[in-house]
Amino acid sequence: MIKKLFGKVFGRKSRPLSRNRENVIPFAVHKINRDLVSHGALRVTEGLQAAGFKAFVVGGAVRDLLLGRQPKDFDVATDATPEEVKRVFRRARIIGRRFRLVHVMFGEETVEVSTFRRAVEADEAETDAHGRILRDNEFGDQEQDAARRDFTANALFYDPATGEIFDYHHGYEDICAKSLRMIGEPEVRYREDPVRMLRAVRLSAKLGMHLDAATAEPIARMKNLLANVPQARMFDEMLKLLLSGHAWECVKKLRSMGLHHGMLPMLDVILEQPQGERFIINALHNTDQRIRDDKPASPAFLFAALLWHEVLADWDKRQRAGEKPVPALHEAMEAVLERQREQLAIPRRYDTIMKEIWLLQPRFEQRSGSRPVRLLGMPRFRAAYDFLLLRCESQEVAKEVGDWWTEFQDASDERRAEMLMPETEPRQKRRRRKKSNAATQAELPID
Ligand code: ATP
Ligand code: MG
């Protein structure tokens with residue numbers, strides 16, 4: 001009777017779901033091992049709860065734990081304001097201007113704490129001409145915080161103290177079914193933020209989840225909206241994608257959905273040539289492997305690889321037109337970087353390393369005299385050598401050259417002396433150049 005009355009007064013839809021016990025998944029069901037939650041995240045949730053606030057581990061971390069994967073970081077959501085969070089912890093600082101978050105530090109670990117917020121509907125929010133939301137910085141409650149998230153699998157709240165998971169959008173079921181499903185109306189959500197299309201591709205490739213049909217369907221129609229996303233944001237997303245440990249899968253998926261134009265515009269051209277394709281596949285596999293082995297992967301190395309065949313083509317064209325190899329390589333690099341900057345927005349800070357890696361490539365062909373030992377001493381030798389191996393794998397360079405360098409770098413002085421090739425041409429007298437930095441060192445003539 002009372003239940004009926006409640007139903008009438010509040011209606012099913014308006015009843016606060018947070019009080020609906022059906023949405024609480026107990027430990028006995030999900031069986032997340034609390035020991036897998038990081039020390040920092042436990043301290044933050046405990047600290048905030050002891051101070052009288054709500055606090056949960058949220059987002060990707062809960063999803064990853066349920067999928068049996070080790071989360072790469074732990075985020076916490078709370079009803080405390082950033083100032084209140086800061087007051088609870090000794091080492092905490094408020095960051096961000098648009099939406100303020102708190103970073104709480106425990107030794108090496110930083111836990112990002114965000115106050116519950118709500119999505120601002122497109123009609124009340126500031127949007128661009130295509131409906132993309134430009135500002136969405138309103139505080140909200142826990143339920144609203146769940147609704148503003150992208151996928152149901154990303155909208156779970158885990159309380160390590162009680163072991164309970166709060167689920168407002170059937171995220172738990174979706175995770176069990178390995179289904180990535182957008183919260184709300186997919187078309188509306190893509191319009192608000194087109195980057196969600198790329199997140200759909202990246203997360204489904206990385207997590208081995210399939211895209212729910214209704215979530216996938218609008219993408220083909222709406223992909224052009226990506227053109228309006230600021231370049232810096234596209235770049236950040238691309239970096240996440242390339243460094244996800246599943247880069248090749250992501251790139252394949254992007255291509256099959258026609259989404260790569262905005263992201264990796266040069267891919268079409270490169271992947272058309274068999275050698276270029278092999279090179280990119282190897283480079284992406286190589287990065288994926290490094291990430292899975294917990295080894296560092298440098299974005300600059302990856303960009304250098306992605307653009308290499310463009311550089312090669314341009315370099316070749318210039319040499320055939322009669323330019324000398326070294327100046328031609330310099331000009332080819334500049335031309336390719338300039339073209340890519342317009343489309344892809346690779347920030348200039350990566351240029352130096354990319355150029356160093358490229359400029360050292362012709363020098364691996366010189367295997368006589370003192371030049372090989374000098375090359376070993378270059379600061380960028382290691383990256384350039386890894387790059388050379390990729391070129392060998394794609395059969396652009398003879399395997400024997402890569403093998404030679406593999407042996408030479410670790411060989412004894414005697415063995416090195418044996419390995420050096422005889423001088424083919426009489427050594428020309430060279431004027432010494434002033435060496436100021438690695439880039440100019442790499443520019444030494446490759447006679
Ligand atoms: P990853 O494992 O790559 O970090 P993630 O899901 O944790 O994946 P983050 O970018 O760290 O991704 O975002 C944290 C959480 O914020 C997400 O789980 C999701 O709930 C929410 N989120 C991130 N980006 C968006 C977006 N564009 N729209 C809505 N919610 C988002
Ligand atoms: Mg995350």
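Trainee: Which residues in α19 do Ala300, Phe301, Phe303, Ala304 and Val311 in α17 meet?

Mentor: This is a predicted model, where local features need pLDDT of at least 70 and side-chain atom pairs pLDDT 80 or more, whereas totals for chains, interfaces and linings use all residues. Residues are numbered from 1 along each chain as its sequence is written, with chains lettered from A and ligands numbered from 1 in the order written. Contact (C-beta atoms, placed from the backbone, within 7 Å) links helices (DSSP runs of H or I, at least four residues), and those residues of α17 meet Ile353, Met354, Ile357 and Trp358.

Trainee: How many nonpolar residues does the contact of α17 with α19 have?

Mentor: Charged means Asp, Glu, Lys and Arg, nonpolar means Ala, Val, Leu, Ile, Met, Phe, Trp, Tyr, Cys and Pro, and the others are polar. No polar and no charged residues take part in the contact of α17 with α19, and the nonpolar ones number nine.

Trainee: How is α17 oriented to α19?

Mentor: Helix α17 (residues 299-320) packs on helix α19 (residues 351-360) with axes 9 Å apart and an angle of about 55° (from 0 to 180 degrees, between lines fitted to C-alpha atoms). Under 35 degrees is roughly parallel, over 145 roughly antiparallel, 65 to 115 roughly perpendicular and the rest oblique, so α17 is to α19 oblique.

Trainee: Which residues of α17 make the contact with α16?

Mentor: Helix α16 (residues 274-292) and α17 cross at roughly 175°, with axes that come within 9 Å, and they are therefore roughly antiparallel to each other. From α16 come Gly276, Phe279, Ile280, Ala283 and Thr287, and from α17 come Leu302, Ala305, Leu306, Trp308 and His309.

Trainee: How many polar residues does the contact of α16 with α17 have?

Mentor: Seven residues in the contact of α16 with α17 are nonpolar, and none is charged. The polar residues in this contact number three.

Trainee: Which helix gives the largest share of the shell around ligand 1?

Mentor: Of the 13 residues around ligand 1 (C-beta within 6 Å), Gly59, Gly60, Arg149, Asp150 and Asn154 come nearest. By class, the shell has two nonpolar, three polar and eight charged residues. The largest share, three residues, comes from residues 195-207, helix α9.

Conventions. Helix = DSSP H or I, 4+ residues; strand = E, 2+ residues; numbered from the N terminus. Contact = placed C-beta atoms within 7 Å.
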